[in-house]
Every structure is written in C-alpha cells, then in structure tokens.
Amino acid sequence: VMTIPLAFGKGRVETEADRLRIQANLEETASGRWDTDYRVVARLLIDGGFPDAVIRLGHEFDGTYYPWSARGNESAYVEAFRHVHDVLASESADFRFEWTGMRSTFSRFGPQAYPGDDYVDVVGMDIYYRRPTPLTANVWTSEFRTELEFHRDFAVSRGKPVAYSEWGVGLHDQPAFIDAMHG
C-alpha cells in the first residue's frame, strides 16, 4: 500500500482564497503538470516488484489541511483523481486505487467527492482515537460506530471493499478503542 499525494503546494482551507488556491493545485494536477513525476513513482513501484500495489491517492481528501482538499473543490478533486488514476494505470493495469476519507468528515464531505466506480477499487477510512480519556460506549456509538456504518454502507452500495489503512490511538493507551475496532 502506497500513499501518493494528489496535488502539491500549500494546504489549509480556511478562507475562500485558500479554497481557490487548492482548486488551482487540483486543476494543475488534472491538466497533466505532474504526470512525469507520477510516472516515475509508478515505474519505481513496478521495478521494485509491486506492479499490483494498492495506491491511496489523495488520502484524507475531506480534511482541510492537504493541498488536494476536496472541501468546496469536489469537481476539481474528482478530475485530478481520475487523471492521476489514468496516468498510473497506464503504467500498470494491476494497480488498485484506494479512495480514503476521514472518520470525522466522511459522511458530510465524502460522497460528493467520489471519483466513480471505474476509478476506485477500495473505499478507505482513516480513524483515530486521540482523546486523553478512555473511550465510552456512548462516544463509540455516537461518534465512531455511526461513521463506520455510513462508510461501510457507502462502500457496499458501490460494490467495493472497505479498508482502514490508518487507524489507532494517540496520547494514551486506549484498549477500549482497539477492542471496539476489532469488534
């Protein structure tokens, strides 16, 4: 599994000017500006013995901090994703593509930025528990399970498997979170 950026430049969407800057990043990618670089990455994967790698392209797109944020730029994100998918797939038809959102924002911002069934092989989600207090059943049910179920149902509706390529805890051990994820 390889995570590959979808655009380059400054991230952070806090203002309309920020959104427009990120839209320009995505349009630059979709226009082919970085195709040579993407082809180099593809060749390195293939030459390294991974022609069937799973590529997490433009992960956590529903956040506000990457230069490929889809927030308010859904169409530009989709076009950039599709373009880079096609560039990489032209190097190896065996690459698989994971479209990965975040637990906290997937249901609100994910579906509008879905690149389409022909471009996505796996629907992923990054999920962490970073609070200093132990996970409670109420927090699990209201904040985590609901999003996990939405994510699962979205993937199933598209005929795609789910993945949790990034998940874990921060700050302190949280055995309840690990147990809940296992369940």
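**Aromatic pairs, helices and the nonpolar core**

A search of the whole structure finds 19 aromatic pairs. Rings of Phe, Tyr and Trp (its six-membered ring) pair if their centres lie within 6.5 Å; planes under 30 degrees apart count as stacked, over 60 as edge-to-face and the rest as tilted. The model is predicted, so local features need pLDDT of at least 70 and side-chain atom pairs count only at pLDDT 80 or more, while totals for chains, interfaces and linings use all residues. Residues are numbered from 1 along each chain as its sequence is written, and side-chain values use heavy atoms, with hydrogens and water left out.

One of the aromatic pairs is formed by Y129 and F177, which are stacked at 5.8 Å centre to centre with 25 degrees between the planes. The pair links distant parts of the chain, since Y129 is in strand β4 and F177 is in helix α6, 48 residues apart. Helices (H or I, at least four residues) and strands (E, at least two) are DSSP runs, numbered from the N terminus. Y129 counts as buried because its relative accessibility is 1%, and F177 is buried as well, with a relative accessible area of 0%. Here buried means under 20% relative accessible area, exposed over 50%, and partly exposed in between (1.4 Å probe, protein chains only). Elsewhere, ring pairs link F61, Y77, F81, W99, F106, Y114, F150 and F154 into a cluster.

Some rings also have a charge over them, meaning that NZ of Lys or CZ of Arg is within 6 Å of the ring centre and within 35 degrees of the ring normal. R71 lies over the face of F109, at 3.9 Å from the ring centre. The charged end of R103 sits over the ring of F144, 4.1 Å from its centre.

The largest nonpolar core has 45 residues, and L6, L26, Y77, L88, F95 and W99 are those with the most contacts inside it. Such a core is a set of buried Ala, Val, Leu, Ile, Met, Phe, Trp, Tyr and Cys residues joined through side-chain atoms within 4.5 Å. At least two residues of this core come from each of α1, α2, β2, α3, β3 (96-102), β4 (122-129), α5 (137-158) and α6 (175-182). Helix α3 gives the most, with eight residues.

The 18 residues of α3 should span 26 Å at 1.5 Å a residue, and its end C-alpha atoms are 26 Å apart, which agrees. The expected span of a helix is 1.5 Å times one less than its number of residues. In α3, A76, Y77, V78, A80, F81, V84, H85, V87 and L88 are buried. What covers them includes β1, α1, α2, β2 and β3. Leaving aside neighbours within four places in sequence, L88 is in contact (heavy atoms within 4.5 Å) with I4, Y38, A42, I55, F95 and F97.

Helix α2 (residues 35-47) has 13 residues and reaches 18 Å from its first C-alpha to its last, close to the 18 Å expected at 1.5 Å a residue. Its buried residues are D35, Y38, A42, L45 and I46. They cover an arc of only 95 degrees around the axis, which puts them on the same side of α2; the arc is that of the directions from the helix axis to the C-beta atoms. An α-helix has 3.6 residues a turn, so residues three or four places apart point the same way. On the other side of α2, T36, L44 and D47 are exposed. The buried residues of α2 pack against β1 (2-4), α1 (16-30), β2 (54-57) and α3 (74-91). Just after α2, G49 takes a positive phi of about 95 degrees.

Most residues other than glycine have a negative phi. R12 has a positive phi near 75 degrees and is placed in the loop between β1 and α1. R12 is partly exposed, with a relative accessible area of 42%. E60 also has a positive phi, near 50 degrees, and lies in the loop between β2 and α3. E60 counts as buried because its relative accessibility is 9%.

H151 lies in helix α5 and counts as buried at 0% relative accessibility.
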